[in-house]
Amino acid sequence: MKALPGEFLSRMQAELKGDYAAFLESYNNESVRGLRANMLKGNADAIAALCPVKLERVDNTADGFRLMEAWEGVGLSPVHMAGLIYMQEPSAMLTIAIADIHPGMKVLDMCAAPGGKTGAAAARLNGQGLIVSNEIVPSRAKILESTVERMGIANAAVISRRPDEIAKAMPEYFDRVIVDAPCSGEGMFRKDERAIEEWSAEHVSSCANRQRLILESSAQCVAKDGMLIYSTCTFSREENEDNIEWFLKTHTDFELAEQRRLYPHTFAGEGHFAAVLRRKGGSVRPYAPLKLTPCKDKAYAEFIKDTFTVPPKGTAYAYQNGVNIISAELPEAIAPMLRRSVGVYAGELQKGRFVPHHTLVMAEHGGEYARRLSLDESDARLAAYMRGEEINCPEVWRGYCAVAYRNHPIGWGKAVGGRMKNHIPKGLRAW
């Protein structure tokens, strides 16, 4: 690892005092890797049992595990392709662990990419309520969309807007607003040397100022008795406690409910800060529901009838150039911001026929497939399918089928004459 900046070390020595030596010693250790079991798709222990490496429970959350040994090629594994896990540093799991999210809530993840906290929040909603997941940078918003798709989240709307635009459109709407703020990344030093190169006192100050602007807008989105959860992966007081103190002085209708710090010498992770701010004042504003046009296309209806024995939950709407299945109630105010995914993107109509999208087969939408080909590691067809190849299937099958890893879908196939044509998007195949 590169030498740590001298000014950073001086700051930490002044902050930690007697604990500084232990903190400094922690940088002689390797960074800690972790994963979150996606409880939208199953029990955490059952999912962990499918992972081919030794894992250890993370004690601050119900779905987190540390990797106790290297896992090469995890991104090409069937457990990852099926959306059963999300690779996440253990300390970062603190944010959602203390957010107290329950089914039916309305949640905003303000700085959401790459999507780990959105996924954890969605698992706690368990398909009920709404999560609006925002990322202002378009390229990162695409990564966020792919995470939402792989995790199978059926009640999310992904948007790409400035925080002040969201505050103006949906004030006092959300039960929980998550701000995992862009920061100076001091908690990234052990696993990313670029964070060391980019660090400076000026960068810390710049981040703190930007965080205050984000907090200002985010606070406006919190409904009465709701919570604003603020977190960073850095150690500087300017970006953590000082920002919380500033916020409470300038927002007297909020109170501090909880505040925690994790350091690499006190917790087996890279370090994190999180605070929960409860809104005492304000109101719960009424919002008119968004009116959408139900899909009445015959080709779509025939596809659903042929492919499912129990159709996906929610209502299918004609949306942009395709069909989206939406189970959560959306406020009319969100309409101008919907340029990205919303609900489950089912697919599109092409010359009188319906072509399903990968999102539909990955989503935890509550539907039951008429044809599901479930494979495991003992079946050579699993690896072949993941590589994008055609595989054998029952001779009598015709039409679209869900191909699954241990009953968890990983993609579409189209059966004809005992062969399954592969419909995994090329960019997602395990080459």
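Modeller: Happy to! First, a term we need: lining residues of a pocket are those with an atom within 4 Å of one of its grid points. Please keep in mind that this is a predicted model.

The second largest pocket has a volume of about 370 Å³. It is lined by 20 residues, and Glu 145, Arg 340, Ser 341, Tyr 345 and Thr 359 are the closest to its centre. By class, the lining of this pocket comprises five nonpolar, nine polar and six charged residues. Helix α7, strand β14 (322-326) and strand β15 (344-350) each supply at least two lining residues. Of these, α7 gives the most, with five residues.

Let's follow that helix to its surroundings. Helix α7 spans residues 138-151 and lies across β1 and β4, running at about 150° to β4. Strands β1 (residues 34-37) and β4 run antiparallel and are joined by three bridges. Within this pairing, Ala 37 has Ile 85 of β4 as its bridge partner.

Both strands belong to an open sheet of four strands, in the order β2-β3-β1-β4, with antiparallel pairing. Its edge strands are β2 (55-57) and β4 (85-87), each pairing on one side only. From one strand to the next, the twist averages 35°.

Strand β4 also leads us to the largest pocket, where it supplies at least two residues of the lining. That pocket has a volume of about 1,400 Å³. Among the residues closest to its centre is Arg 140.

Conventions:
Residues numbered from 1 in each chain as written. Predicted model: local features only at pLDDT ≥ 70, side-chain atom pairs only at ≥ 80, totals over all residues. Heavy atoms only, no water. Pairing = 2+ DSSP bridges. Axes fitted to C-alpha atoms, helices over the stretch in contact; angles between N-to-C directions. Contact = heavy atoms within 4.5 Å. 1 Å grid on protein atoms, 1.4 Å probe; cavity = no way out; pocket = protein on both sides within 12 Å on 5 of 7 lines; lining within 4 Å. Points joined across faces, edges and corners; volume = space filled by probe spheres on them. Nonpolar A, V, L, I, M, F, W, Y, C, P; charged D, E, K, R; others polar.
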